[in-house]
Amino acid sequence: MTENVANRIAQPADGLVVDVTSDLICPWCFVAKRRLEKASLILGKTLEIRWHPFQLNPEMPVEGLDRRLYRSAKFGSWEQSQRLDAQVSAAGAEVGIRFRHDLMKRTPNTFRGHVLLAAALKDGVQKQNLVADRLFQAYFVNGEDVGDPTTLLGIAREFGVAAISRLEDLDSPALVSEVKTAERKAASGGIRGVPQISFQGTVVANGAQKEKLLADSLLRILGTTDRCENGVCTV
């Protein structure tokens, strides 16, 4: 993760930059994003999310795998996979996400998606966050293959990501090296699952905690003793 001093310098005047280590095919990472947005409303301050790469399936073939076959093998049966999907759907409904597992035909390799996010960050935290949201929507709501370079290039062009204008840019040696370095940093920092949410170098949550807990944790890191009650916090 980014060093404390660098994080403090990065805080915008009217908001807070929160770091989230995630994967594009982690449904709880999408839920965590929505819960952070709700925590922002509770705090009355803008939370800008800066995304860091993690691959849940680092050995995934570059073309991905059939989702049913992959998850049946991973979880022991398709029925167990569906039970887990139902849990995710219930959590998603609480934050306005309608997961469309029926549209998800493949489990993609997400490395190039992380390359796109690294490129988007060069245009600013806000743009990266918009691209992250679009990638989550693409996979979990629209059933798009976010491992497909053509899909990723289309998203890059949709948001005007300066560093990605051709398919070849998704394999840029500089961007690839940047993502691999960030992944190694996450591993050396002990991250074994996602989402991990941190602020000013301090871990806020491992997992998609409820928005009130997120707001309370952020307040503690900010050094205030105020608590969030009845959906409102005083900072």
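Colleague: How far apart are the closest N and O atoms in the salt bridge of K127 with D123?

Modeller: This is a predicted model, in which local features need pLDDT of at least 70 and side-chain atom pairs count only at pLDDT 80 or more, while totals for chains, interfaces and linings use all residues. Residues are numbered from 1 along each chain as its sequence is written, and side-chain values use heavy atoms, with hydrogens and water left out. A salt bridge requires a side-chain nitrogen of Lys or Arg within 4 Å of a carboxyl oxygen of Asp or Glu. For K127 and D123, the closest N and O atoms are separated by 3.7 Å.

Colleague: Is D123 buried or partly exposed, and at what relative accessibility?

Modeller: Buried means under 20% relative accessible area, exposed means over 50%, and partly exposed lies in between (1.4 Å probe, protein chains only). K127 is partly exposed, with a relative accessible area of 23%. D123 likewise counts as partly exposed, with a relative accessibility of 32%.

Colleague: What separates K33 and E37 along helix α2?

Modeller: Helices (H or I, at least four residues) and strands (E, at least two) are DSSP runs, numbered from the N terminus. The side chains of K33 and E37 form a salt bridge with an N to O distance of 2.5 Å. An α-helix has 3.6 residues a turn, so residues three or four places apart point the same way. Because K33 and E37 are 4 residues apart in helix α2 (residues 27–43), their separation is about one helical turn.

Colleague: What is the relative accessible area of E37?

Modeller: K33 is buried, at 2% relative accessibility. Its salt-bridge partner, E37, is partly exposed, with a relative accessible area of 30%.

Colleague: What is the C-alpha to C-alpha distance between E37 and E211?

Modeller: E37 is found in helix α2. In sequence, E37 and E211 are 174 residues apart. In space, their C-alpha to C-alpha distance is 8.1 Å.

Colleague: Which helices does the salt bridge of R71 with D85 tie together?

Modeller: In this salt bridge, the closest N and O atoms of R71 and D85 are 3.1 Å apart. The pair ties together parts that are 14 residues apart in sequence, because R71 and D85 lie, respectively, in helices α3 (residues 67–75) and α4 (residues 78–94).

Colleague: Are helices α6 and α7 parallel or oblique to each other?

Modeller: Helix α6 (residues 125–141) packs against helix α7 (residues 149–158) at an angle of about 140°, with the axes 11 Å apart. Axes are lines fitted to C-alpha atoms, for helices over the stretch in contact, and angles run from 0 to 180 degrees between N-to-C directions. Angles under 35 degrees count as roughly parallel, over 145 as roughly antiparallel, 65 to 115 as roughly perpendicular and the rest as oblique. The orientation of α6 and α7 is therefore oblique.

Colleague: Which residues of α7 make the contact with α6?

Modeller: Contact means heavy atoms within 4.5 Å. On the α6 side, the contact is made by V131, R134, L135 and A138. On the α7 side, it is made by L152, I155 and E158.

Colleague: Which elements are included in what covers the buried residues of α5?

Modeller: Helix α5 (residues 111–121) is mostly covered, with 9 of its 11 residues buried. Among them are F111, H114 and V115. The cover includes β1 (15–22), β2 (46–53), α6, α7 and α8.

Colleague: Which residues does E178 touch, not counting those up to four places away in sequence?

Modeller: E178 lies in helix α8 and is partly exposed, at 34% relative accessibility. Its C-alpha atom is 8.2 Å from that of V115, 63 residues away along the chain. Leaving out residues up to four places away in sequence, E178 touches A118 and K122.

Colleague: What is omega for the cis peptide bond that joins V194 and P195?

Modeller: P195 is found in the loop between α8 (173–188) and β5 (196–199). For the cis peptide bond between V194 and P195, omega is about 5°.

Colleague: What is phi of Q200?

Modeller: Q200 is found in the loop between β5 and β6 (202–206), and Q200 is buried, with a relative accessible area of 18%. Phi is positive here in a residue other than glycine, with a value near 55°.
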